[in-house]
Structure formats: C-alpha cells, structure tokens
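Hi everyone, thanks for making time. Have a look at the structure on the screen, and then I'll walk you through some of its packing.

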Amino acid sequence: MTESEGDAVKMPKQNRRSHRLVAVTGATALLALAVHLGITAFNSHRKNRNKKDLQGSKVRVTLSASEIIKLADRVISKSKEVHDAVASVPLDKVTYMNVISPLAELEAQQFPLVQSCVFPKMVTTSDDVRKASAEAERRIDAHVLTCSMREDVYRVVKAFAMRGEWVNAEAKHYTQALMRDFERNGLNLTLTKREEMQRVRVHIDELSLRYIQNLREDCSFLVFTETELAGLPQEFLKSLDKADNGKLKVTLKSHHVAPVLELCKVGTTRKMVAVEYGKRCGEVNLSILEDLVQLRHKFARVLGYSNYAEYAVDHRMAKTPAKVYAFLEDISNSLANSATMELSMLKDLKKNEEGDFPFGVEDLLYYVKKAEEQQFDFDFGALKQYFPVNLVLSGVFKIVQDLFGLRFEEITDAEVWHSDVSIYSVFDLSSGELLGHFYLDMYTREGKYSHTCVVALQNGALSSNGSRQIPVALLISQFQKDVSGQPALLRFSEVVNLFHEFGHVVQHICNRASFSKFSGLGFDPDFVEVPAQVLENWCYESFSLKLISGFHQDITKPIKDEMCKSIKRWRYSFSALKMKQQILYCIFDQIIHSAENVDIVELFKHLHPTIMLGLPALEGVNPASRFPCSVIGYDASCYSRIWSEVFTADIFASKFHDSFLNQYAGMQFRNKVLAPGGSKEPIEVLTGFLGREPSTQTFIDSRSHY
C-alpha cells in the first residue's frame, strides 16, 4: 500500500544564556521524554525580552529589506577587495598565506553573510523582504560568476599550485579544488575558446529554461465521466473542474496523473492518461532536448572532454561514464530475476481483474498498490494517527543524540524571524564543547518555501589564527500546526523525510573540515546524500518506530509489533521492479550525454523493453516530456541517487543492523565520515569507515528478498 505522496568552541561556564535541555541520552522513559519535549521543544510563545546574539554565529536572521541590500553590497565590495589583493601578488612571490589563505578566509567569513541576505526569501512573510532577498541573491550570483572568471586570480593560484608547497593534505585538496573550478570555467583556455564556451553556456541556460517553462505552462487536460474514473475517492473527484459537457477535467499535471495511475480501476483510462502525459509539449520539447544535448557536447569538447557525460562525471565519485554505465548494468542485471517474479505477480493480478488485456507500464502503479494491499495488513491513513509531530521529533532527537554522542539544548532568547521558529545548540556529549546550532522552521505559512530541505547558514571552518567557526543549519518543513487541541499528525512519508533531512542537519553540524568549501553539505555530489539516507533506516526498525510513535489520543500506546514488521517488509516491496524503472531513466540519461547524434525517441523505444523485462514504451510517448532531470540540474548525473543508496545499504548493514543505538559505530561514523566532509575523497572515507572496499551486494540483497 502506498501513500500519495579542529577544536570546537567551548561553552563558557559563566554563560547564563537561557536554554533548556531537550533530551538526555540513555534509557529515558518514552513517556517522560515525550511529555517533556511535547511541552517544551515547540513552545512558540516567546515572551518579550531582549534577544541575544547566538554564540559563534555570524548569521543575521531579522534584516529589513534595506539592510539586506546594504549587506549584499558590502559583501560584494569586500569580496572584490580580497580578489584584487590576491590578483596583485607577483607570480614569483606567491605563498599560501598571501594567495590561498585569504581566499579561504573570505569564503568562510562571507558565507553566513551571503546566507543572511539570501535565505529570508524562503521564510519571510514580508513581500518587501522577499523581493530584497531575491535582488540580493541576483547581485551576489552575478558577482560570484565574475569572480569565477577572473583570469588574474587564476594565474596567481596556478603559480602557487605549481610550486607544490602544501601546508597539509587538506590545503592541497582545497587548492586543487580551486584550480578545478577555474578550469571547468575555461580559464586554462584561450580567450577565443572562453568566449565560445560562454556563448554555448548562455544558449544552454536559455533552452533549459524554455523546456521547463513549456512543461509548467502546459494546460492540457482530458475529460472523463465518473464511471471512467472509478476507484478514485470522492474527495478527489469533487476537486476536479467540469468541462462544458459536464465531464470531469483531469489535467496532465502530476497531482492529477499520479492518483489516476495509482487508483483508477479502469485500464483504458489509466492508459489514456499515461499516454497523453508522455506526449506533453510534443515535438517542441523533443527538439529542445536534442539541441541541448548537442550544445552540451559542444561545451564539453571546448573544455577538452570527448562528450558531456565525461565533463559531468569527472569531478564526481564515479569519475567516468563507463563506470556509471557498468554500475547501472550490474544493478539492473542482478535484480532481473526478482523483478521478473514481481512483474509476473502483477500480470496475474491484472488478468484476474481485467481479463486477457496485456499488461503495460501504465498498470504498474495500480497493481503494485493492489498487491501491497493484499500483502500488508495496514493502511497509511490509520498509521498517521501514531505520528504526532512533537513525539516524532523528540524520538529523532533521542536517536541522533544517543547514536552520535551529542546533546541538544533549546535556546529561547535568541532572535528568530517567526514565532514558530525554534533554535537548538548542539554539544559534544563527552566534552561539552559547542559544535554548532540549528534552527527548526517546521510549520506551513503563507509565502514560505514549499518543500522540506536543509539550508547551510554558516559553514564550519578553521581560521588562520587557529579559531574554529562553528556550523549553523536551518531545517525547513511544511507540517500543519495543532488545531483545536488536536496534535499535528505526520504521514509516514513525512516521517521518513524528517529523518532524512535531520540527517543533513547532523551531517552539517558534525563536520570538522578546515575549509568552508568542504564543510557540512560540501560533500562530493555522489556522496552528499549518504548521511541522510543512512538515518532513514531507523524509520523501519521496530525499536525506533516504537520510540517515535504513540497514538495521538494516548501517546503511551506506540505502534504494535505486527505493524512494525509490516512496515519493514513494505519498504522493499516490488523494489526490484521499481529500481529497474529508475535505472531505465538513468541509462537513457547517460547514453544521450555520452554519444553523438542519438535518435532519442528510438533509443527510448529500444531501452524500455530491454530493461523493463519486455514491457514496451507506450506508443507515441515523447521521452523529452518525462526527463526534466536530464534537462536541468541532473543532466548526465541522474544515476547519483542510486549510487549513494548502494553505499548507504552497505554502511547500515555492516555497522548498525545488529545494534541500532551502537554509539561506538555512531561515533566512528561521525568521526570518519561526517567530520572530514568534502576534504577527502569519498572512496577513502568509505573504505576507512568500513575497513574494506564498499560492496553492492547488500543493496541487491535488500531488494531481492523483501
């Protein structure tokens, strides 16, 4: 059954700041913990008092519109001053202290100021502040682009790099990262080639924007009678507009398409919706995608790569498209037998319900849901009643503190941008050292960013004088508030998402890299999701499910054992077949960005039955309507999430599976994986933590034997 879907800063003993202890590690009674946190952790009624600065934080969270613009201009002015100073260093006089150190210090010091200008647009209720924040971001982005193209600074950094006089391994890695960034912008090329590269880049950006706009602005719809939409809930049907003939309009937007494909009992309706959804924007976007792919190849060739996939993967953990392709093929082939059995089960269900009509890709969602209803004795509507938001968060706090040797304290006298926002300081449990802070902005409100995410507000860094700047994070989510004394309840998918995003908070706070560039969320893009994905595992274990759950009318009654077992089994139901479908998209993405003059439509027609066990692509569908990730943001890197999931499975099974609050393993993870951040190569980090080379076998087994 599925749903819709160096050294830390020490806390001075004389500091009398008002704060609350959120939770104590160890075997604290669930009820005591839940009641304490339910009362204190989310108390949004702040008394009027003088607000204090947050210790160690340079982030400014309550700037006015005019202050944001003034700060942005000061940031740009200071940045230009430092870049000019570095550029003026004679090439025979370059040292770490006059070239690399000033750039690193600038990055660390200015990042929280930049974020002070930029993040308000995500959380403010003021239109003026939101507009000022967007304008500040535009100005800062333009300046950053200018800095990234400064040949004079590049020449000086290169002169230092050529000397090979490294202060330490991390400083070497940082310098090489600066060089890589400059050269990926073409600064090692002739002026003529740089100008060509820039023209191509502008054209790529224009086409990408047009592609996305076409999909967003598409207003296509289909009309159906209620009989043709049998199986969909009345609430959904009532939300649909009516056409002139009285039939119901189903738009080709995902919030309409997904429920139809998952719930509609009428096979012809499902197929019609799936086909038309796959034809959105027709030849227009297909032409744009074809042009984009060719322009990307051209861009990569100017930089000396054979194709765009080589350029896109070169700076990632995977390193080469050949390795990506081999990885995807290996996973796909290893899951073939399990996926075949799963597909056979779905075909039998369709035959029993609809007769001898052939099974198509448009039937997957509907019959997976039906199979899960038969196999698992629970529904997500009932499950939601066991996840009051305060109780879930208290459980997350306890798990994270116990596992990673941390202690959270709520700060009640620091400035916040809204009364819903709470702040927590994070301390090392053993030493009492202040590691960082995080803000929680949990509840939905008008004008707020509409998704759940973590924003780095200040990166950890070690300054040249030996002092450490601590990290500050912000977790934004969209939970509903308590209404009329009824606690806000979370869907299970929201619980998983909360664990995931809180994993990013821990990842940011526990980082110990010396350079802001490698701090917190500055991991290799193929590895950055691993810490968050690791923490998701606790959502599916009986121990932690009982800790984070309690019936909303009586929180002393957690989810029952049988329900916990069902949730764990459900996690990987039909996962081989689902993974094959993801791999289809990833291989398509790799091939079009690795080869020249590919017929995109024919490629998709060929790949679909090959990977999806004989299931053909729907007739007439346009693959360009289904792959926005190939157009913007994840071009030639759609594989990355599967890549990180493989390593996540290996980490959890190897180190945590037999002891979910194994603090030794948790501290090893904190010190060997989270602490280095992006300062080491991911494979070095993984091998150091696991004590061996990582393996794909755990991932394959988990999706073969659910």
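Predicted model: local features only at pLDDT ≥ 70, side-chain atom pairs only at ≥ 80, totals over all residues.

**Starting at one glycine**

Gly 688 is partly exposed, with a relative accessible area of 39%. For the cut-offs, buried is under 20% relative accessible area, exposed is over 50%, and partly exposed is in between, using a 1.4 Å probe and protein chains only. This glycine belongs to helix α27, residues 682-690; helices here are DSSP runs of H or I with at least four residues, strands are runs of E with at least two, and both are numbered from the N terminus.

Residues are numbered from 1 along each chain as its sequence is written, and side-chain values use heavy atoms, with hydrogens and water left out.

**The cores**

Now to the inside. A nonpolar core, as I use it, is a set of buried Ala, Val, Leu, Ile, Met, Phe, Trp, Tyr and Cys residues joined through side-chain atoms within 4.5 Å. The largest one has 163 residues, and the members touching the most others are Leu 346, Phe 387, Phe 438, Phe 492, Phe 502, Trp 538 and Phe 656. A second, separate core has 27 residues, including Ile 100, Ala 104, Met 179 and Ala 513.

Which residues is Phe 438 in contact with, leaving aside neighbours within four places in sequence? They are Phe 397, Phe 408, Ser 422, Ile 423, Tyr 424, Val 426, Ala 473, Phe 502 and Val 505, where contact means heavy atoms within 4.5 Å.

**Aromatic rings**

Next, the rings. A pair of aromatic rings is described by the distance of the centres and the angle of the planes. Rings of Phe, Tyr and Trp (its six-membered ring) pair if their centres lie within 6.5 Å; planes under 30 degrees apart count as stacked, over 60 as edge-to-face and the rest as tilted. By that rule there are 37 aromatic pairs.

Take Tyr 174 and Phe 518, an edge-to-face pair at 6.1 Å centre to centre with 85° between the planes. Tyr 174 sits in helix α7 (residues 169-184) and Phe 518 in the loop between α19 (492-509) and α20 (530-536), so this pair links distant parts of the chain, 344 residues apart. Tyr 174 is buried, at a relative accessible area of 1%, and Phe 518 is buried at 5%.

Another edge-to-face pair is Phe 380 with Trp 570, at 5.0 Å between centres and 70° between planes. Because Phe 380 lies in helix α17 (residues 380-383) and Trp 570 in helix α22 (residues 561-571), the pair ties together parts 190 residues apart in sequence. Both Phe 380 and Trp 570 are buried. Ring pairs also join Phe 404, Trp 538, Phe 652, Phe 656, Phe 669 and Phe 689 into a cluster.

Then there are charges over rings, counted if NZ of Lys or CZ of Arg is within 6 Å of the ring centre and within 35 degrees of the ring normal. The charged end of Arg 184 is over the ring of Tyr 311, 3.9 Å from its centre. Arg 407 lies over the face of Phe 427, at 4.8 Å from the ring centre.

Helices α23 (residues 575-592) and α24 (residues 600-611) pack at about 145°, with axes 10 Å apart. The axes are lines fitted to C-alpha atoms, for helices over the stretch in contact, and angles run from 0 to 180 degrees between N-to-C directions. Among the residues making this contact are Leu 584 and Phe 588 of α23, and Leu 603 and Leu 607 of α24.

In the loop between α24 and α25 (640-655) we find Leu 613, which has a positive phi of about 55° although it is not a glycine. Ala 636 is in the loop between α24 and α25 too, with a positive phi of about 65° and again not a glycine. Buried or partly exposed? Leu 613 is partly exposed at 25% relative accessibility, whereas Ala 636 is buried at 0%.

**One glutamate to finish**

Glu 645 lies in helix α25 and counts as buried, at 18% relative accessibility. Not counting residues up to four places away in sequence, Glu 645 touches Gln 533, Met 579, Phe 699 and Arg 703.
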